[in-house]
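Dear colleague,

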Amino acid sequence: MKISQFFLLLFLLASCNTPQAVYDYDQQANFSQYQTYAIYPELLTGLSQLDEGRLIASVEKGLQNKSLNPSEEPDLYMNIYSEEYRRQSDSQLGIGVGGGGRNMGVGVSGGIPLGGPETYLVLTFDLIDAKTDALVWQAVVESSFDLDAAPAERQQRFDQIVQKALSGYPPKRR
């Protein structure tokens, strides 16, 4: 019983750290016609130059896994932009004092925040039809992001974010 509780706790902690994605697409677009891509020429991600390079490497690998090939004259342009925000950690330590007797009780409690604010990154991935200059597919991915992480850990996080984003491409028609 204790082992199952441990694994449940481990699962809950791990699931809180996975990127969350929302997708949208043009219902009129024929996604089977798209075979090639290029990174948008005037890309302004809002990330540092090093992180932008890591993100582009992840995107190129992810798009090639989706059978899209890089091209000078692409069918699709990939545009990416980011937003960073901080949120206070939800983890708190609760402390309470109470007492009672003779049908009466008194209690005082409070929460002590654990850890500092957490940094989150929201990345928006746009696929734009190169011929019509129309947005045909979009993924918005929100993920926690450790600004103090080592370069290899940052690359791994970008790989996870891109994998989550591209898991919705091509869209499944409903």
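Please note that the model is predicted.

Aromatic residues. The structure contains 8 aromatic pairs. In one of them, tyrosine 25 and phenylalanine 31 have ring centres 6.3 Å apart and planes at 75°, so they meet edge-to-face. Phenylalanine 31 is buried, with a relative accessible area of 9%, while tyrosine 25, at 21%, is partly exposed. Phenylalanine 31 also forms an edge-to-face pair with tyrosine 34, the ring centres being 5.9 Å apart and the planes at 70°. Ring pairs join these residues into a cluster made up of Tyr23, Tyr25, Phe31, Tyr34, Trp137 and Tyr169.

Nonpolar core. Trp137 is also among the residues with the most contacts inside the largest nonpolar core, together with Leu55, Leu123 and Phe125; this core has 29 residues. Two or more residues each come from α2 (49-65), β4 (76-87), β7 (118-129), β8 (134-144) and α3 (151-166). The largest share, 5 residues, is that of α3. Leaving aside residues up to four places away in sequence, the contacts of tryptophan 137 include Phe31, Phe125, Leu127, Ala165 and Pro171.

Strand pairing. β4 pairs with β7 in the antiparallel sense over 12 bridges, and arginine 87 lies opposite glutamate 118 of β7. Strand β2 (residues 36-39) runs parallel to β4, joined to it by 3 bridges; there, isoleucine 39 has methionine 78 of β4 as its bridge partner.

Yours sincerely

Definitions and conventions:
Residues numbered from 1 in each chain as written. Predicted model: local features only at pLDDT ≥ 70, side-chain atom pairs only at ≥ 80, totals over all residues. Heavy atoms only, no water. Core = buried A, V, L, I, M, F, W, Y, C linked by side-chain atoms within 4.5 Å. Buried < 20%, exposed > 50% of the residue type's maximum accessible area, 1.4 Å probe, protein only. Helix = DSSP H or I, 4+ residues; strand = E, 2+ residues; numbered from the N terminus. Contact = heavy atoms within 4.5 Å. Pairing = 2+ DSSP bridges. Phe/Tyr/Trp six-rings, centres within 6.5 Å; stacked < 30°, edge-to-face > 60°.
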